[in-house]
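Open the model in your viewer and keep the sequence panel beside it. The tour below goes from one selection to the next and says what is there.

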Amino acid sequence: MKNIFDPQVHEELIDRINQLTPESKPNWGKMSVDQMLAHCCVAYEMAYTDKHPKPNGFVRFLLKTFVKKGVVNEKPYPKNSRTAPQFIISDRKDFEDEKSRLISYIQKTFDYGPNYFDGKESISFGPMTTKEWNNQFYKHLNHHLTQFGV
């Protein structure tokens with residue numbers, strides 16, 4: 001798995017996002033490019049904001065037990081895989097706003113660096129290692145950038 005804290009990988013991700021246009025079409029799935037960008041921002045919103053409520057203890061147990069491994073491991077997501085309700089973006093968004101927002105989150109993550117994430121709590125999975133945070137962020141973003149051919 002590529003390391004989002006590596007300067008070359010960081011730049012590669014931003015370059016890939018900058019290749020998207022409002023007319024970019026997905027190779028699979030139903031999301032428009034603006035919805036995909038907003039969808040990718042949700043992972044960062046969960047890490048940095050209180051916008052999304054923390055699941056109750058039982059749901060968190062289920063997420064940690066049955067979902068976490070698939071999110072933080074190095075196996076790519078399959079095409080058209082199911083997504084959590086918080087990640088579903090049903091309305092259209094402003095492409096430039098969402099693109100800028102996503103790049104800002106990627107930059108913030110890079111600027112904070114790996115030490116910030118070591119033991120940082122995920123609202124869904126509890127404390128995670130830097131590697132788990134890296135895998136979660138990179139794997140999800142790479143999946144959707146690949147979905148849109150960049």
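## First stop: Asn134

Select Asn134, which counts as buried because its relative accessibility is 6%; buried means under 20% relative accessible area, exposed over 50%, and partly exposed in between, with a 1.4 Å probe and protein chains only. This is a predicted model, in which local features need pLDDT of at least 70, side-chain atom pairs count only at pLDDT 80 or more, and totals for chains, interfaces and linings use all residues. Residues are numbered from 1 along each chain as its sequence is written, and side-chain values use heavy atoms, with hydrogens and water left out.

Asn134 sits in helix H6. Helices (H or I, at least four residues) and strands (E, at least two) are DSSP runs, numbered from the N terminus. Now show what surrounds the residue. Leaving aside residues up to four places away in sequence, Asn134 touches Met1, Lys2, Asn3, Ile4, Phe5 and Lys139; a contact means heavy atoms within 4.5 Å.

## Helix H6 and what follows

Is H6 mostly covered or mostly uncovered? It is mostly covered, with 15 of its 18 residues buried. Step just past the helix to Gly149, where phi is positive, at about 75 degrees.

## Lys25 in a loop

Next, select Lys25, in the loop between helix H1 (7-18) and helix H2 (33-48). Lys25 counts as exposed, with a relative accessibility of 63%. Which residues does Lys25 touch, not counting those up to four places away in sequence? They are Gln147 and Phe148.

Go to Phe61 in helix H3. With 49% relative accessibility, Phe61 counts as partly exposed. Draw another distance, this time to Asp94: the two C-alpha atoms are separated by 36 Å, and the residues are 33 apart along the chain.

Then select Asn80, in the loop between helix H3 (57-72) and helix H4 (95-112). Its phi is near 60 degrees, a positive value in a residue other than glycine. Asn80 is exposed, at a relative accessible area of 56%.

## The whole chain

How many helices and strands does the protein chain have? There are six helices and two strands. From the N terminus, the elements run α-α-α-α-α-β-β-α. The radius of gyration is 15 Å, close to the 15 Å given by the globule rule for 150 residues, so the chain is as compact as a globular protein of that length. That radius is taken over C-alpha atoms, and the rule is 2.2 Å times the number of residues to the power 0.38.

Turn the model around: along its principal axes, the C-alpha trace spans about 40 × 35 × 30 Å. Buried residues make up 47% of the 150 residues. Among contacts between residues at least 6 apart in sequence, 81% join residues at least 24 apart.
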